[in-house]
Amino acid sequence: MSPNAAKKNMRLVGLMNTAQYRKCWEAGCYLAEKLRDEYSFTEVKMVPTDYEKWRAAMLETNAADLPKDVLSNAPAIIMCAGDDGSDVYWQPDDFIRFATKAAGFKVFSIPDEASDSYASAATTAYNEYLRSTGDSFAWLDISVEADSAVVSKRVTVQLFSQTCPKTVENFRHLCMGDVPNMPDPSGKIVKPHYKGTTVFRIVPNGWIQGGDVSNPGTMKAGSGGVSVFGDTFPDECFAVPHLDEGVLGMANNGPHTNASQFYITVARCQWMDKRYVGFGKVIDGMDHIRYIHSLPVKPNQAPTVPITITDCGVLEV
């Protein structure tokens, strides 16, 4: 390399919790070490929903010189400045081949279930990244019974523990189901747990709504609910704006009536600001939320097919 030539920076974006991403990360680190005069390496850390948005922007602008089907499905993309100053884009297999040819990088054949596998290392690194936010995380397995088939997927949410600690505590315990049975506002004894409850409302161009622990799987879903603190609890703060899809917030019946019902937005809903407490966001599984939102509804905005939270919990990071 000419002593006056600029070092090329390689930048990795993608699904941090996948084995393929981890292989690219190791290949990038290896290249930057072995060919340090020619290359530097940067990891652009992001959650799956942010990578999805990045890919969508690349597809819309045609900025990446990769086939659309490749870009749409690649678990990772590596960008590097070309000789003319514009970015060159690699898909994982091509980048690993380049690292192998240029610097002798090797990929080892290790079963994903092994403790020292690429998949295991990816999960560890991703959890460290999530932990660094200082927030909590939870998950909901949401199942849709449509067209004689069941479509189920996990939706993972980031809970803004530092912004709305009490609201997050309520949601976490409702996901864990570790609070004893208690009376709801009507006096009915209920289990404060999201497992078995339904998504009972779909608002076109707005949000989906669920979490009625008083009436799981019944025609009355949407008319009840209870918080883990008692009937309801006050609005904690309105610091989280509803600027985009994926905002997780507490549904209410007016000021200071938060219980267990929640919503997830599928569009910008700024009119909700200062009226509803947003306290988190979807970081994985937003495609499933959009799918649910696309389902047909009755005149009262109830879905025409059963949509159930079959399991839920908190993500230990």
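In which sense do strand β6 and β13 pair, and over how many bridges? I looked this up to begin with: β6 (residues 149–159) and β13 pair in the antiparallel sense over four bridges. I take two strands as paired if DSSP finds at least two bridges between them. Helices (H or I, at least four residues) and strands (E, at least two) are DSSP runs, numbered from the N terminus.

A note on the model: it is predicted, so local features need pLDDT of at least 70 and side-chain atom pairs count only at pLDDT 80 or more, while totals for chains, interfaces and linings use all residues. Residues are numbered from 1 along each chain as its sequence is written, and side-chain values use heavy atoms, with hydrogens and water left out.

Staying with β13, I found Gly 280 as the bridge partner of Leu 159. Strand β11 (residues 247–250) also pairs with β13, antiparallel over four bridges, and there Val 277 is the bridge partner of Met 250. Six of the eight residues of β13 (residues 277–284) are buried, so the rest of the structure largely encloses this strand. Buried means under 20% relative accessible area, exposed over 50%, partly exposed in between (1.4 Å probe, protein chains only).

Next, I went through the cysteines. With a disulfide taken as a pair of cysteine sulfur atoms within 2.5 Å, I count zero disulfides. Cys 175 is in none, and its nearest cysteine sulfur, that of Cys 312, is 5.1 Å away. Cys 175 is buried at 0% relative accessible area. The sulfur of Cys 269 is 17 Å from the closest cysteine sulfur, in Cys 164, too far for a bond.
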